[in-house]
There are 4 protein chains.
Amino acid sequence: MQFRTDLAMESREMAAGLSGITTHSRHRGAIEETHVRIETEEAARALEKARGNYITLAHPGLKWCPPEERKEMARAICEELRTLLPPNGDLLVVGLGNRSMTADALGSRVLEDLLVTRHLKDIPDESLHGRLRGVCAAAPGVLGVTGLETAEVVQGIVEHAHPAAVIAIDALAARESSRICTTVQITDTGIRPGSGVRNHRVGLTKETLGVPVIAIGVPMVVYASVIARDALSLLLNDIGMDERTHAQAMDTLIDKLAEQGMGDLVVTPREVDELVGRVGRIIADGLNLAFQPRLTEEEIQLLSHDEP
Amino acid sequence: MQFRTDLAMESREMAAGLSGITTHSRHRGAIEETHVRIETEEAARALEKARGNYITLAHPGLKWCPPEERKEMARAICEELRTLLPPNGDLLVVGLGNRSMTADALGSRVLEDLLVTRHLKDIPDESLHGRLRGVCAAAPGVLGVTGLETAEVVQGIVEHAHPAAVIAIDALAARESSRICTTVQITDTGIRPGSGVRNHRVGLTKETLGVPVIAIGVPMVVYASVIARDALSLLLNDIGMDERTHAQAMDTLIDKLAEQGMGDLVVTPREVDELVGRVGRIIADGLNLAFQPRLTEEEIQLLSHDEP
Amino acid sequence: MQFRTDLAMESREMAAGLSGITTHSRHRGAIEETHVRIETEEAARALEKARGNYITLAHPGLKWCPPEERKEMARAICEELRTLLPPNGDLLVVGLGNRSMTADALGSRVLEDLLVTRHLKDIPDESLHGRLRGVCAAAPGVLGVTGLETAEVVQGIVEHAHPAAVIAIDALAARESSRICTTVQITDTGIRPGSGVRNHRVGLTKETLGVPVIAIGVPMVVYASVIARDALSLLLNDIGMDERTHAQAMDTLIDKLAEQGMGDLVVTPREVDELVGRVGRIIADGLNLAFQPRLTEEEIQLLSHDEP
Amino acid sequence: MQFRTDLAMESREMAAGLSGITTHSRHRGAIEETHVRIETEEAARALEKARGNYITLAHPGLKWCPPEERKEMARAICEELRTLLPPNGDLLVVGLGNRSMTADALGSRVLEDLLVTRHLKDIPDESLHGRLRGVCAAAPGVLGVTGLETAEVVQGIVEHAHPAAVIAIDALAARESSRICTTVQITDTGIRPGSGVRNHRVGLTKETLGVPVIAIGVPMVVYASVIARDALSLLLNDIGMDERTHAQAMDTLIDKLAEQGMGDLVVTPREVDELVGRVGRIIADGLNLAFQPRLTEEEIQLLSHDEP
């Protein structure tokens, strides 16, 4: 039964009073920025998240907001990402997930608009020479389609391409449906086993890859079981039910949902096919800005979306 | 707020004791077949469905069952459909919905495997001559993409192509998540306004098109609000809550869901991209068998999936 | 055997000295604009093109030129198109061809970026009210896939949607490979039978549809037989061969090509999948500008590419 | 200027009388099978192909032939492939090329129908246990899209997945347009630099990967320059031109084609989008049969095309 969230911010809200966690928030225009820092092993265990930094950028209207606000989000992603990137060296962007399953296609979608430059950076083009940081990209697919663990593929590429860091893009599960396609989480803890829409079997971390791994994720689904539980919880509180009956009711719910085989059902907006393209483009814009500080926004736009 | 179902069988279950409705069921192998006949205007109003016949073919394991069971389903669709088809004349298959939105792409998907023959039936091919029934197909798209009402497009085609009947394929909303991609509904009432995943604005019926309209639909989503309500209902019954408090709890739930903007969220399996292809193929197989009684299954297979 | 071209400009070059044809050209920046007017039935027969106006906009580097030059092309399309559009009334854009065949997918591709407004123009939105011209769109598919003649579908839609004019988008065949994806032809003669990459069987003209039909086409292929003939012709001229031997050589070539089954082979750039998207977007931009004179370029950009 | 072929059979025809090459042919039903063995370094240089075995399976009507003949081709691929496969160990199938460029998408297409089993072979399923050979798959993309050399990606995967052999699928260029989508070449020499529709920059061979590399390719294009040259050659022979004038004519042609920028134009059938799917499926069927000798054809069919 799935009640989990991949957002540290949501885990944190459920763990009020726990020590070993630092949180602070601020507003930047329409975007609410939250930093959660998990500092102790104890806090990490309680939240089922690794120790490290989690930055959340949330814009409740991101789905349909005008171009200028989307640019704001891309710039915010750029700024937060720059604080985590190594100053020099090539970067490898890994698009996780399954391109033929919409709610899991975010990774592949981001790669479509990424400015890939590793093979260009030594070309003596008069206007770009010396100004490109090397970026390469891979979409390793999922185990059921390739027969290969994502980690096996990424390790092999890292050993041959020698990037200074890996940036992994992933579709997440959240607890609140309002998070879907409106929130971007950036973390320096990499990808952990059991996270993501597909529940990764093996992680991508500094320990396994030998270089820093920054993970960027966007909630694409909420498990149906979470929706049911939350609706119930709201109601039982309203009714003024005592705690013990409340707990029994929850157990009953869990049994009922399991009976109906609802563990794997996800709640997602009807327009998810369109939204994944839209948010994927925002993230690609943010990555391109962060990776190429010596190019102007216009140069990046021209190179990433317009040239072959 | 969406609590509706497009399946007459489910509406019927909620309206126990209502007169003017005839129901009977039988098993054919793994498939449960249910005929619901709505006979009076009063019953039609109570169920929010048009008067007419609704045939449901349900196979709980249809999603992942072996090829032989899928063939059984195609043959069952064929048999039920034949009882509704006019004996002669061309047939127009209309694939409703939006091809770029997975949960609404069933119509387009069925057309991919449909055996289209209207332009071939007078070709003096020695082996097929005189054995093909004329079939043509159209995917009119959705209003937001074309600026045209589906009904405007289909009326125009009907007036020029003169089919003896229209068969409309549509993605439906159900009340129970177990119905998704496991149940096929066939009805002689056509497509009604307000039905379907996209909530059609205008209907496709014998009244609007001038020829019989048979609608074939498969549930692809359940509204998240339905899931929440059902979970609650099960629980409240369990707790032994009295009827008045129960009704108040439901009102509270409806308000809460509306506050959270959940009206448009849908519950769908994670694998919906794959399932729509699979069930689309089963329906196309059923249509091809029903439309071409003078061809063998092998000839249909060869022509529909293998030739350009 | 295919030696034909769909570009009036190329037909005209082959018919030097013929009367009943007016031609004039001018440069507008990097774009060469040519107007060909076929005035007499005799000239029409000689060129195998209908009487009427043919405007060609050619930019040799269009394939990979910077965004500003693509905008120039979109503005040139807009200006030429405006001289042909009726002043008032809704417009229907028809995307011809087969979306699943790259070299024939231009029509479908243009529709993706078209600003469709017919269903919006009466919405009392404070900022757009009264400023939108009604535009609707249809992609009727091809006979082999639908069993319906394109003309049957378009006639039906015209009768129900009552547009003031039809704008038909089509992929063309040219004589010179340098024309592929670099030249746009706009004509007020509609679509003629036998034209286009797929060789339309039936035309779309004012006579068949009852409203003016403007056709916009871009060469996507050259027939391999044309390439072979032209290479030969250049050479024979070089060798200084006499006219009679030259003619015999051509006959021999035609026989050889027919023997090898080369009639249906097309020459196309390796990057055609990408180019069709690029040129399709330029045309969509030009249409949107021409259709919506009361919107700014920024408003159009925002509405056409960015909103659902 | 491109006059090359990737088919050893065609190279061989152009090098009549050369020693160090063994060729023999035989018919198997509608399929013509040719074995070319390049035995000496001298012959390898002359043919611009590596020393080794090249098996060609040609069926002139493969494009549109009935299912039974396609099965024959799949079985022929299976038989030839088995003579080259190591008896034990996992196999890695590499789909080369660019999935978004039709004529280069064969590799990705084959992977769609490949039976991937490496992650399943130790699952104690009662019916399959001990009967599956481990197969994994990767589509490394092209340098321009990923910034990574294909060889870097494949080397990394080989080092982590430890396959006993690599099978690389590639789209080829041929000299004769009749070869397109009708001929399959299987070779134990791997992929050489400069081969393929995209002209690989780095090879995939036993030397670079440390395990045997079997390459399977299908011609998808002919360079337009080859067509022009061949047409000319036929004609000049016909005219009875002397050898010196013939050679001059060829030089003139090469200059003319270069002037017109025709070096990169390819000749391809109009239906290439459909053909690549069709021939990709035949190859996938052949691979599945060869890789899984302990499964029946029915079991493979069910597992590869029908299960998720």
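**Exercise 1. How many salt bridges does the rule find across the interface of chain B and chain A?**

Solution. Start with the rule: a salt bridge is a side-chain nitrogen of Lys or Arg within 4 Å of a carboxyl oxygen of Asp or Glu. Across the interface of chain B and chain A, this rule finds zero salt bridges. A word on what you are looking at: this is a predicted model, in which local features need pLDDT of at least 70 and side-chain atom pairs count only at pLDDT 80 or more, while totals for chains, interfaces and linings use all residues. Residues are numbered from 1 along each chain as its sequence is written, and side-chain values use heavy atoms, leaving out hydrogens and water.

Now look inside chain B. There, B:R131 forms a salt bridge with B:E299, with 2.6 Å between the closest N and O atoms. The pair links distant parts of the chain, 168 residues apart: B:R131 is in the loop between α4 (106–113) and β5 (135–138), and B:E299 is in helix α11 (residues 297–306).

**Exercise 2. Find how many residues each chain brings to the contact.**

Solution. Count residues in contact (heavy atoms within 4.5 Å). Chain B gives 33 residues and chain A gives 33 residues. Next, sort the side of chain B that touches chain A by class: 19 residues are nonpolar (Ala, Val, Leu, Ile, Met, Phe, Trp, Tyr, Cys and Pro), seven are charged (Asp, Glu, Lys and Arg) and seven are polar (the others, Gly among them).

**Exercise 3. Which residue is the bridge partner of A:V267 in β9(B)?**

Solution. Strands here are DSSP runs of E, at least two residues long, and helices are runs of H or I, at least four, numbered from the N terminus. Two strands pair if DSSP finds at least two bridges between them. Strand β9 (residues 265–269) of chain A and β9(B) pair in the antiparallel sense over five bridges. In β9(B), the partner of A:V267 is B:V267.

Notes: Chains lettered and ligands numbered in written order.
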